[in-house]
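Colleague: I am new to this structure and would like to learn how to read it, beginning with the surface. Could you take me through the features one by one?

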Amino acid sequence: MTTSDAATTPPASSAPSASSAPAGAKPAPRDPWDLPDVSGLVVGVLGGTGDQGRGLAYRLAKAGQKVIIGSRAAERAQTAAAELGLGIEGLANADCARRSDVVIVAVPWDGHGKTLESLREELAGKLVIDCVNPLGFDKKGAYALKPEEGSAAEQAAALLPDSRVTAAFHHLSAVLLQDPEIAEIDTDVMVLGESRADTDLVQALAARIPGMRGVFAGRLRNAHQVESLVANLISVNRRYKAHAGLRVTDV
């Protein structure tokens, strides 16, 4: 072997080949907190003129996300967007869905099904985040409703077969979200979905908001109990005059 050959030939003890790995060895488990960069995604908020939708739009835009508010009436969406500022746009629901990469559904429960059914084409191929809580109210307070499909998120999945439906942002106080004096929202966000790639994106989006963390909480079949827990939080808030959220320990 020539001198030049010796300089360019790696020693026999260099990095092992795949064939030298132990038979049946599994790849190292992926870090569940290794989340994608979502800063370039456009987020649409259907129902963005309501308290929850406005709050989410405000917090995400404040964190640097491009946000579009959707409403049945474009004028209402434009008015809400102008009030919030931060570069937020206001459009009719269909245009909001069409222009967005990720769409948060924050419409009232009684209009949930009709709204999504009317936007099936515009939401095709989109990542949809349903944060609607089916609740009823009587003299005893709030109580959970159970849709025929099992949950609001499962209803969304049934109505939007060409969309990637997830569930998240259920347990957030609209009061805290909209308060400009509050710098951080100290809470965890339960994220549910069928695809890890999709739930990772939603977790990363939640983490854009200071103080907030997205935690994977199972598949959509588990969405009912997550949505229902809001009835309990309403009772907590009334008793203790608070704006309670959730924290998951040991993760």
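Modeller: Let us begin with the surface: the protein exposes about 13,200 Å², and carbon and sulfur atoms supply 53% of it, where accessible areas come from the Shrake-Rupley method with a 1.4 Å probe and, for residues, only the protein chains shown count as cover. This is a predicted model, in which local features need pLDDT of at least 70 and side-chain atom pairs count only at pLDDT 80 or more, while totals for chains, interfaces and linings use all residues. Residues are numbered from 1 along each chain as its sequence is written, and side-chain values use heavy atoms, with hydrogens and water left out.

Colleague: What percentage of the 251 residues do buried residues make up?

Modeller: Buried means under 20% relative accessible area, exposed over 50%, and partly exposed in between, with a 1.4 Å probe and protein chains only; buried residues make up 45% of the 251 residues here.

Colleague: How many helices and strands are there in the protein?

Modeller: Helices (H or I, at least four residues) and strands (E, at least two) are DSSP runs, numbered from the N terminus, and the protein has nine helices and 10 strands.

Colleague: Why is strand β9 described as largely enclosed by the rest of the structure?

Modeller: Seven of the seven residues of β9, residues 187-193, are buried, so the strand is largely enclosed by the rest of the structure. In a regular strand the side chains alternate between the two faces of the sheet. In β9, T187, V189, V191 and G193 point one way, whereas D188, M190 and L192 point the other way, and all are buried.

Colleague: Which strands pair with β9?

Modeller: Two strands pair if DSSP finds at least two bridges between them. Strand β8 (residues 164-167) runs antiparallel to β9 and is joined to it by two bridges, with A167 standing opposite L192. Strand β10 (residues 212-216) pairs with β9 in the parallel sense over five bridges, and V215 in β10 is the bridge partner of M190.

Colleague: What do β9, helix α8 and β10 make together?

Modeller: With α8 at residues 196-207, they make a right-handed β-α-β unit; a crossover is right-handed if, with the strands pointing away from the viewer, the path from the first strand over the helix to the second runs clockwise.

Colleague: Which residues does G245 touch?

Modeller: Contact means heavy atoms within 4.5 Å, and G245, which lies in the segment after α9 (223-240), touches H171, T187 and L233, not counting residues up to four places away in sequence. At 34% relative accessibility, G245 counts as partly exposed.
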